[in-house]
Amino acid sequence: ADFPRERTAIVTGAASPRGIGRATAARLAADGWSVAVLDLDEAACRDVAARIADEHGVACLGIGADIRDRDAVRAAVDRVNGELPQLVGLVNNAGVSSPVPFLEVSEAEWHRVIDVNLHGTFHITQAAAKIMAERRLGRIVNISSTSAERGGGVYGRAAYSASKAALLGLSRTLARELGPYGITANSVAPGSIDTDIMGGRLTDERKAVLLKDLPVGRIGTVRDVAAVVAFLLSEHAGYLTGVTYDVNGGSHIA
Ligand code: NAD
């Protein structure tokens, strides 16, 4: 199908003020996308959506929904479908990290992480993909992590790494299964990006240690990730599917 001039992308986890999701939502809006800002806090979502709409002159919608809640997610996707231009893009960015060493991981901690990062992603991807499939056009990007590729790391241990590795498999399978419906599915694996995900754990001291292993000589920014996601959602990326884009400054070179 033709790439419509007016189209919508859903970005999950997009209300975090310094987060990758919000930067991605803004970047997409700058590229002409209408954006649905989805996150846990409805008021925060509305606020972010209003600001982005204001700045970039596109229609935006802020919706509070917990991606673990299948019904809430379906209702949110239905609203997007009814109120914004054609749904073409989905950025699965919502996620939680887990610093707990494997030998100490509780059942509850394990499920907390997998429920959001994997099950939540499943819920919204299925709801959105059904709509994309009907129109024979879609772009899905799952935000994985360097942690999935190299076995844990800066932000996450086993539960996090496992959940993010699962997203790589999910993207590849979606690429195969949904290709015939005009839908591409890819992963973006960020390295150390300066956000609040670890609640201030990325101290100056920690940054100095990280820099030693970074060929490009700096910690990544949310804009570094947003630019790659925006490209993968764009019209120009139609022949890319099932791939993983490492956005890590060379900290992990596969
Ligand atoms: P962040 O904590 O700023 O943003 C994550 C957002 O997800 C938050 O706004 C949070 O409210 C939302 N969220 C959490 N659980 C949710 C749920 N159940 N339903 C809906 N929304 C939910 O963190 P960030 O660093 O911007 O992370 C964004 C994504 O990038 C995450 O998936 C993270 O794992 C991934 N990532 C981050 C880094 C990094 O270095 N910061 C590296 C690799 C991957």
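I sorted the shell around the ligand by class: 12 nonpolar, 12 polar and four charged residues. I counted Ala, Val, Leu, Ile, Met, Phe, Trp, Tyr, Cys and Pro as nonpolar, Asp, Glu, Lys and Arg as charged, and the others, Gly among them, as polar.

This is a predicted model: local features need pLDDT of at least 70, side-chain atom pairs count only at pLDDT 80 or more, and totals for chains, interfaces and linings use all residues. Residues are numbered from 1 along each chain as its sequence is written.

I listed the shell next. The ligand is surrounded by 28 residues (C-beta atom, placed from the backbone, within 6 Å). Gly13, Ser16, Gly19, Gly95 and Thr195 are the closest. Helices α1 and α4 (107–135) are the elements giving two or more residues to this shell. I took helices (H or I, at least four residues) and strands (E, at least two) as DSSP runs, numbered from the N terminus.

Then I turned to β2. Is strand β2 (residues 34–39) mostly covered or open? Six of its six residues are buried, meaning 20 or more other C-beta atoms, placed from the backbone, within 10 Å of their own; 12 or fewer is exposed, in between partly exposed. Ser34, Ala36 and Leu38 point one way, Val35, Val37 and Asp39 the other.

I checked the pairing (at least two DSSP bridges). Strand β1 (residues 8–12) runs parallel to β2, joined by five bridges. Threonine 12 has leucine 38 as its bridge partner. Five bridges also join β2 to parallel β3 (residues 60–64). There, alanine 36 stands opposite leucine 61.
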